[in-house]
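Hi there,

Here is the structure I promised to pass on. Have a look at it first, and my notes follow below.

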Amino acid sequence: MELVLERWQQEVSIVTIGATKEEGGTRSYVVRVGGEKTLPFLFPEGEIPYPPVIAFEVWDIAPSDWSTELNKYYGDVFNDPLAWAEKCVKQYQAKILCIRLQGAHPDFGNKTSDEEAKLISQLLKKVSVPLIILGCGDDSKDNLILPACSQATKGERCLIGDAVQDNYKTLTASVLADGHNIIAESPIDVNIAKQLNILISDMGLPLERIVINPTIGALGYGLEYAYSIMERARLAALSGDKTVASPFICFVGQEAWRTKEAKVSGEQGLIWEVITATALIQAGADLLVMRHPVAIEKMNNYIKTLMGVSL
Amino acid sequence: MALSGLDIYKLLPKTNCRECGFVTCLAFAMQLAKKAVSMDKCPYLSIEAKRTLAESSLPAIKLIAIGEGENKLEVGNETVMFRHEEKFHHPPGLGFIIEDNLDDSAIKKKLEKINQLKFERIGQELKVNLIAIRQNKDKNRFVEVVKLVAENTPLALVLMSEDLAAQEEALKLVGVRRPLIYHATQDNLADFAQLSKDRAVPLVVSAKELELLSTLTRELNNQAVTELVIDTGKKPIAEKIWDLTQIRRLALRKSQRSLGYPVLVIVDADDPYIETTEAATYISKYAGIVLIKGIEVERVMALLTLRQNIYSDPQKPLQIEPRVYPVGQVTNKSPVLVTTNFSLTYYTVLAEVEASKVPSYIVSVDTEGMSVLTAWAAEKFTPEKITDSINKFNVRERVAHNQLVIPGYVAVMSGDLEEKSGWEVVVGPKEAAGIPAFLKNLYL
Ligand code: SF4
């Protein structure tokens, strides 16, 4: 029987996060995402060189609104971001960390760019995994702290975000100068994702250094919108549109843990996080930022079986 | 697959005799393609052409019904590869495998739990669909368990046994409930074909290879057995995704009728997380029926929610009727909260208002099913629109105060809204989760 094989025109670009000593950084290895030559896990049709990767989310301050279920795992380190990061790496085998600098937000402590840059420098010494660095969500504040952190990690090839349509220039310039990658965030909209990628690459940052944050909703809270936006963008990428051929990063943990279900029970929250991640992986997610260590362990098992590794 | 006007034209006599009432065969073909006329209008169609035309109007993936009455499950009749292209039509049936070597009381307990797996979400009832009884022991035990299950659940049934005699016995008891029979294979095809025909019950056909599967369904079709569900057996996840994708592509894009049936997937994993993630994968990727073993509420609720998400209509967001909804024992002192008529938004707000135990009115403004921020950006949630709704729904007559709570995300419209509506605007929280605390501290 003749199967129906798509002849795709183009592959997703490969983004490398982290730099080893040989490459001018201090990470013990690099993490690569993207490079898919077909839709999720259709191996006979095209190569899928890198499995999806799960990053652990770590904050610079003790989160006030995290579920008590997560307290069980991080409660002892919430007040010490360095210990928190180390626990993720040592105890939970985190391959990559995502540091959210929430404490810089005017409403959450208003930490200065010096403080944040210092923290990031210490973090580089404490752990040797590649880093994702996120701002606090306040544009003017992020335009101060992110350049400082970018400089403090120069040469480490971090992934830094988020750049948005009306605030991308400062971050792009820093990322470009310091040799990092950037997260381009668009509000569940393929056209804006495309436009923003063009704007950023027009400033000289190659498309191969951009990761798209399509803005996801959790299971039961608009998941299907992101699911379809990701499918559409990926189809366009494989069909030859270079400007959306970036890997996707999905902030699964933050969305799953603020649902009502997660608030009702820890077990329900864990499954909510796992199933949100599963569906997004099937829509093409490359990097997933998650919270519950057990959920992350389960997802890593799932990814291994998907990639054909026997457990 | 639907034929184009030109495809149809090629099948016509091309004599332009006008007997169909059209000036040319081409004109007639164009109308046929639009289904605006019946093909009977042309007296000169060849038998071959008639057959092709008739086939082209059949759905590419057959709709199969399992069960009877209220718990009937219909799967198949899908038309697209991706939900954004149109929508996925028939949500996959979710069912539970019950082994017949469990003892009776354990089976009953399980069924009790399964029967209660019903959830309400954004105004829709989410429920499970099937119980599959799997034979592990002798014929008598299988039949006994089928009887026990049938007596204790209204759900549609799947009979899993390769023992023809056991199937026949079981069907005598539950045949009227139109169970799904699992399964015909290369080795027992004739017998199971006969069984499906005699009892008028749908049949699962299994083969590892698509080629063989396709041959088997053709043979069954030749014996007039057409109520089929197909299955490619136990495989690693990625291979299963490949099979499901190929079957869907072949049916839709190559009009391969021999694979144009809903697909059954059995998830046979002992680890509950592997089971749930695998089931979620197949729900997302084209399965028609997914059978699992685990019945924990948390897992099933997550799977049913995912199914609802993936099978929702991307063109038409779920909406509720725009009006004023009293929540709890409202009085003329109850707060009035304004939101959109996007189901997800409304039900999220509703749940939090209920949780707050503060009786309130929720005014759902017609935003054509858009969420707060989207509607605001699209000018469907403006001071004018909100004012119109409040007046239209006579909110003034319901309360003796003058305060209106709006979502935190649209705080910028406060001044404008006060001016237009004459109400005093109070800015509520951005996220629904903040509503209980907000309402408790709200003094009107
Ligand atoms: S009746 Fe048939 S042959 Fe005659 S014009 Fe119509 S389509 Fe053509």
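Two strands count as paired if DSSP finds at least two bridges between them; helices (H or I, at least four residues) and strands (E, at least two) are DSSP runs numbered from the N terminus. Please keep in mind that this is a predicted model, in which local features need pLDDT of at least 70 and side-chain atom pairs count only at pLDDT 80 or more, while totals for chains, interfaces and linings use all residues. Residues are numbered from 1 along each chain as its sequence is written, chains are lettered from A and ligands numbered from 1 in the order in which they are written, and side-chain values use heavy atoms, with hydrogens and water left out.

On confidence, the model has an ipTM of 0.97 and a pTM of 0.90. The average pLDDT (the predictor's confidence in each residue, from 0 to 100) is 94 for chain B, where 100% of the residues score at least 70.

Let me start with strand E3 (53-59) of chain A. E3(A) runs parallel to strand E10 (residues 285-290) of chain A, and 4 bridges join the two; here Val53(A) sits opposite Leu287(A). Another 4 bridges link E3(A) to strand E4 (residues 97-100) of chain A, also in parallel, with Phe56(A) opposite Leu97(A). Buried means under 20% relative accessible area, exposed over 50%, and partly exposed in between (1.4 Å probe, protein chains only).

Next, the interface. Contact (heavy atoms within 4.5 Å) involves 45 residues of chain A and 44 residues of chain B. The buried area, which is the accessible area (1.4 Å probe) that two parts lose on being put together, summed over both, is about 4,000 Å² for chains A and B, with 66% of it on carbon and sulfur atoms. Met1(A), Val4(A) and Glu224(A) provide 18% of what chain A buries against chain B, more than any other three residues.

A salt bridge here is a side-chain nitrogen of Lys or Arg within 4 Å of a carboxyl oxygen of Asp or Glu. Arg249(B) belongs to helix H9 (residues 237-253) of chain B, and Glu45(A) to the loop between strands E2 (31-34) and E3 (53-59) of chain A; both residues are buried.

Glu431(B) and Arg258(A) form a salt bridge too, at 2.8 Å from N to O. Glu431(B) lies in the loop between strand E17 (424-427) and helix H16 (435-440) of chain B, and Arg258(A) in the loop between helices H8 (252-256) and H9 (260-264) of chain A, so this pair joins two chains. Glu431(B) is partly exposed at 34% relative accessibility, and Arg258(A) is partly exposed at 42%. Shared partners also link Glu99(B), Arg134(B), Asp268(B), Asp270(B) and Lys293(B) into one network of salt bridges.

Best wishes
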